[in-house]
Amino acid sequence: HRSGEEVAEELRRFAAFAPHRLAAILIIMPRVRFTPEQETSLVRIKELLGPTAVKHCVVVFTHCLNPRARQQLIDRDQLLDEVNQLPRQSALRSLVEECNFRVVPVKNVLEPARSESRAHLHERVADILADNGGATYCVAGFRTRAEYQRRGDEA
């Protein structure tokens with residue numbers, strides 16, 4: 001659990017590694033109870049990235065093994081059902097809706113779930129590129145917004 005300023009600083013450092021543009025932004029969330037701290041962090045991330053970022057987002061949920069079939073992931077529909085059980089005003093539910101319901105269940109430890117997770121992530125990145133006509137997210141724009149916000153000015 002990080003403060004809003006810690007998240008902002010991490011995103012500023014990240015921007016240095018992507019001096020051009022990004023095809024996708026992965027928002028990684030544990031598939032457990034959505035806490036008020038996570039809600040605050042998610043709102044802050046959306047503010048920092050700006051309104052155009054959601055067109056490039058995939059929400060990735062960790063810890064998604066199916067309890068009935070231990071080596072298999074839960075399916076995307078089950079994950080969306082869980083998200084839709086959140087209150088309508090939930091930042092997570094809003095983000096999933098805004099990013100065109102691009103969600104991916106993952107488990108990156110056990111095979112075959114790890115390989116399946118990787119394949120699903122690649123598919124969602126391809127979907128983003130197709131949905132946006134090949135347009136990518138401008139990291140330089142984020143850096144500018146972040147710098148303005150850090151100083152308390154308007155972008």
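Which residues does Pro30 touch, not counting residues up to four places away in sequence? The answer is given in point 5, after the overall architecture has been set out.

1. Overall composition. The model discussed here is predicted. Of the 155 residues in the protein chain, 38% are buried. The chain exposes about 9,000 Å², of which carbon and sulfur atoms supply 53%. When contacts between residues at least 6 apart in sequence are considered, 75% of them join residues at least 24 apart.

2. The sheet. An open sheet is formed by three strands in the order S2-S3-S4, with parallel pairing. Strand S2 (25-30) and strand S4 (103-105) are the edge strands, each of which pairs on one side only. On average, and with direction ignored, neighbouring strands of this sheet are turned by 25 degrees against each other. S2 and S3 run parallel and are joined by six bridges; Ile25 has Cys57 as its bridge partner in S3. The parallel pairing of strand S3 (residues 57-62) with S4 extends over three bridges, and here Val59 stands opposite Val103 of S4.

3. Helices on the sheet. Helix H3 (residues 76-84) packs on the sheet and touches S3 and S4, its direction making about 115 degrees with that of S4. Helix H5 (residues 113-131) also packs on the sheet, where the strands touched are S2, S3 and S4. The direction of H5 makes about 170 degrees with that of S4.

4. Accordingly, six of the six residues of S3 are buried. Nonpolar side chains tend to be buried together in soluble globular proteins. The largest nonpolar core in this model has 35 residues, and those with the most contacts inside it are Ile25, Ile27, Val59, Phe61 and Leu92. Two or more residues of this core come from each of helix H1 (4-17), S2, helix H2 (36-49), S3, H3 and helix H4 (91-98). Leaving aside neighbours within four places in sequence, Ile27 is in contact with Leu42, Ile45, Cys57, Val58, Val59, Val60 and Leu95. A second, separate core has five residues, among them Val58, Val60, Val106 and Ile128.

5. Pro30. This residue is found in strand S2. The opening question is answered as follows: Pro30 touches Gln38, Phe61, Thr62 and His63, residues up to four places away in sequence not being counted. Pro30 counts as partly exposed because its relative accessibility is 28%, a value in the range between the 20% and 50% cut-offs. The C-alpha atoms of Pro30 and Val106 are 9.7 Å apart in space, although the two residues are 76 residues apart in sequence.

6. Positive phi values. The phi of His63 is positive, near 60 degrees, and His63 lies in the loop between S3 and H3. With a relative accessibility of 49%, His63 counts as partly exposed; exposed would require a value over 50%. Phe101 likewise is not a glycine and has a positive phi of about 60 degrees. Phe101 is placed in the loop between H4 and S4, and its relative accessibility of 33% makes it partly exposed.

7. Asn132. This residue is located in the loop between H5 and strand S5 (137-138). Is Asn132 buried or exposed? Its relative accessibility is 16%, so Asn132 counts as buried, the criterion being a value under 20%. Not counting residues up to four places away in sequence, Asn132 touches Lys55 and His56. A polar atom of the Asn132 side chain lies 2.8 Å from the backbone oxygen of Lys55.

Terms used: Residues numbered from 1 in each chain as written. Predicted model: local features only at pLDDT ≥ 70, side-chain atom pairs only at ≥ 80, totals over all residues. Heavy atoms only, no water. Buried < 20%, exposed > 50% of the residue type's maximum accessible area, 1.4 Å probe, protein only. Contact = heavy atoms within 4.5 Å. Areas by Shrake-Rupley, 256 points an atom, 1.4 Å probe, with all protein chains shown as cover. Pairing = 2+ DSSP bridges. Helix = DSSP H or I, 4+ residues; strand = E, 2+ residues; numbered from the N terminus. Axes fitted to C-alpha atoms, helices over the stretch in contact; angles between N-to-C directions. Core = buried A, V, L, I, M, F, W, Y, C linked by side-chain atoms within 4.5 Å. Polar contact = N/O pair within 3.5 Å; in protein donor to acceptor, adjacent residues only side chain to side chain.
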